Amino acid sequence: MMDTKRFQKYYQSGPHFRIENPNPCWAEKRGLKWDRGDCAIRALANAISCSWVESFEYLTAKARRDFNVPNDGPGFRRWLIEGGAAWTHCSAVKGKSRMTAKQFAETHPTGRYVITVASHETACVDGVILDAWNCGEKAVVGYFDMSNFKL
């Protein structure tokens, strides 16, 4: 049996999270758990305000060139840096918790970012996480400042 309260927590908008899924198929699944595995494509599209298709075409062209897939973590990071994004790694400090995505949003009230959390990419724009589900409790591994990024 599904834990309904836990499920609902991940899909409720709040001051630092808004459901924003640019995938064209989102409308057909609205209200259901999103499981397409396209977080890198969504994160890029949300962070720079382009369409899901434009983001997909950019990432698949880079992936094709490198004989890779669009959601490969190291490839994704390299391709965003090639486009002008600035990467900042958030090192783990022994005995301290890493900043969560929600804390990142709270401390970055302006700007456009792609945030990397464990096995997931999301966007943060002007202090609000934009994604198909709320990953605000996940620890931030690193983030991209997208202010100089060009497709």
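S55 is placed in helix α4 (residues 52–65); helices here are DSSP runs of H or I with at least four residues, strands are runs of E with at least two, and both are numbered from the N terminus. The model is a predicted one, in which local features need pLDDT of at least 70, side-chain atom pairs count only at pLDDT 80 or more, and totals for chains, interfaces and linings use all residues. Residues are numbered from 1 along each chain as its sequence is written, and side-chain values use heavy atoms, with hydrogens and water left out.

S55 has a relative accessibility of 0% and therefore counts as buried (buried is under 20% relative accessible area, exposed is over 50%, and partly exposed lies in between, with a 1.4 Å probe and protein chains only). A polar atom of the S55 side chain lies 2.8 Å from the backbone oxygen of I41. Leaving aside residues up to four places away in sequence, S55 touches A40, I41, L44, A45 and C50, where contact means heavy atoms within 4.5 Å.

Strand β3 (residues 112–117) is largely enclosed by the rest of the structure, because five of its six residues are buried. Two strands are taken to pair if DSSP finds at least two bridges between them. β3 pairs with strand β4 (residues 120–125) in the antiparallel sense over six bridges, and R112 stands opposite V125 in β4. β3 and β4 form a hairpin with two residues between them, and in the turn S119 has a positive phi of about 55°. β3 also pairs with strand β6 (residues 140–145), in the antiparallel sense and over five bridges; here V117 stands opposite V140 in β6.

Seven aromatic pairs are found in a search of the whole structure. Rings of Phe, Tyr and Trp (its six-membered ring) pair if their centres lie within 6.5 Å; planes under 30 degrees apart count as stacked, over 60 as edge-to-face and the rest as tilted. F76 and F144 form an edge-to-face pair, with 6.3 Å centre to centre and 90° between the planes. This pair links distant parts of the chain, with F76 in helix α5 (residues 73–82) and F144 in strand β6, 68 residues apart. Both F76 and F144 are buried. F104 and Y113 form another edge-to-face pair, at 5.2 Å centre to centre and 85° between the planes, and both F104 and Y113 are buried.

F76, W87 and F144 make up one aromatic cluster. The charged end of R77 sits over the ring of W87, 5.5 Å from the ring centre; this requires NZ of Lys or CZ of Arg within 6 Å of the ring centre and within 35 degrees of the ring normal. I81, in helix α5, touches W87 and F144, not counting residues up to four places away in sequence. I81 is partly exposed, with a relative accessible area of 44%. The C-alpha atoms of I81 and M146 are separated by 9.3 Å, although these residues are 65 residues apart along the chain.

The structure holds zero disulfides, a disulfide being a pair of cysteine sulfur atoms within 2.5 Å. For C39, the closest cysteine sulfur is that of C135, at 9.1 Å, which is too far for a bond. C39 counts as buried at 16% relative accessibility. The sulfur of C124 also has its closest cysteine sulfur in C135, at 9.6 Å, too far for a bond. C124 has 0% relative accessibility and so counts as buried.

Note on methods
A polar contact is a pair of N or O atoms within 3.5 Å; within protein, one must be able to donate a hydrogen and the other to accept it, and residues adjacent in sequence count only if both atoms are side-chain atoms.
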